[in-house]
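Visitor: Please put the structure up, and then we can go through its strands and helices.

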Amino acid sequence: MELPGYAALVVLLLLVVFVLVTVSRAIRIVPQATSVIVERLGRYSRTLTPGLHFLVPFVDRPRAVVDLREQVVTFPPQPVITSDNLVVNIDTVIYFQPTDPKAAVYEIANYIVGIEQLTVTTLRNVIGSLDLEETLTSRDNINAQLRGVLDDATGRWGIRVNRVELKAIDPPPSVQDSMEKQMRAERDRRAAILNAEG
């Protein structure tokens, strides 16, 4: 006699769980500076902006959450050959911001990896046309060239490159030693001239 009561309770409990799951899938709150790409039955449907949104449960599915704030990415040191055949290691920092969430999701699989590979190849092209002396003294020129090429290429991915900075340019140890010896000899020469004049 008590089995139908338990069965009704279990059915009621399952119904409550189903309703809660359906409601939780239907309501989506998008935080500020974020966009959510929604697909309906596997196809792009719309981009959700910050605020409260209602989805069709089991039909609409959030595909990706895109952070629209400016992001900073540092890449490990890259060995680059200058025009005078010296290998320098260059650390790069890139400041970028997604501007089109749909393009950032659908035009490239991983835009951070794409930016990194594009930076490496562009850096090799730019540095390959400069000798070591020019590389060490023209950071602003190199930054501007890198930013221009990266911004053009990443525009179709829905990414805007705001700044590119060369964090460090490290010449080979043998070249660093010879540069230090040259500076030391220059200081010694100036000191000898000052002593002779005094």
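**Strands and helices**

Guide: T92 stands opposite L166 in β8. This is a predicted model, in which local features need pLDDT of at least 70, side-chain atom pairs count only at pLDDT 80 or more, and totals for chains, interfaces and linings use all residues. Residues are numbered from 1 along each chain as its sequence is written, and side-chain values use heavy atoms, with hydrogens and water left out.

Visitor: How many bridges join β7 to β8?
Guide: Strands are DSSP runs of E with at least two residues, and helices are runs of H or I with at least four, numbered from the N terminus. Two strands pair if DSSP finds at least two bridges between them. Strand β8 covers residues 159-170 and runs antiparallel to β7; the bridges number 10.

Visitor: Which residue in β7 is the bridge partner of V73?
Guide: Strands β6 (residues 71-81) and β7 (residues 87-98) pair in the antiparallel sense over nine bridges. In β7, the partner of V73 is I94.

Visitor: Which term describes how α3 lies to α5?
Guide: Axes are lines fitted to C-alpha atoms, for helices over the stretch in contact, and angles run from 0 to 180 degrees between N-to-C directions. Helices α3 (residues 111-128) and α5 (residues 139-154) pack at about 140°, with axes 10 Å apart. That makes α3, relative to α5, oblique (angles under 35 degrees count as roughly parallel, over 145 as roughly antiparallel, 65 to 115 as roughly perpendicular and the rest as oblique).
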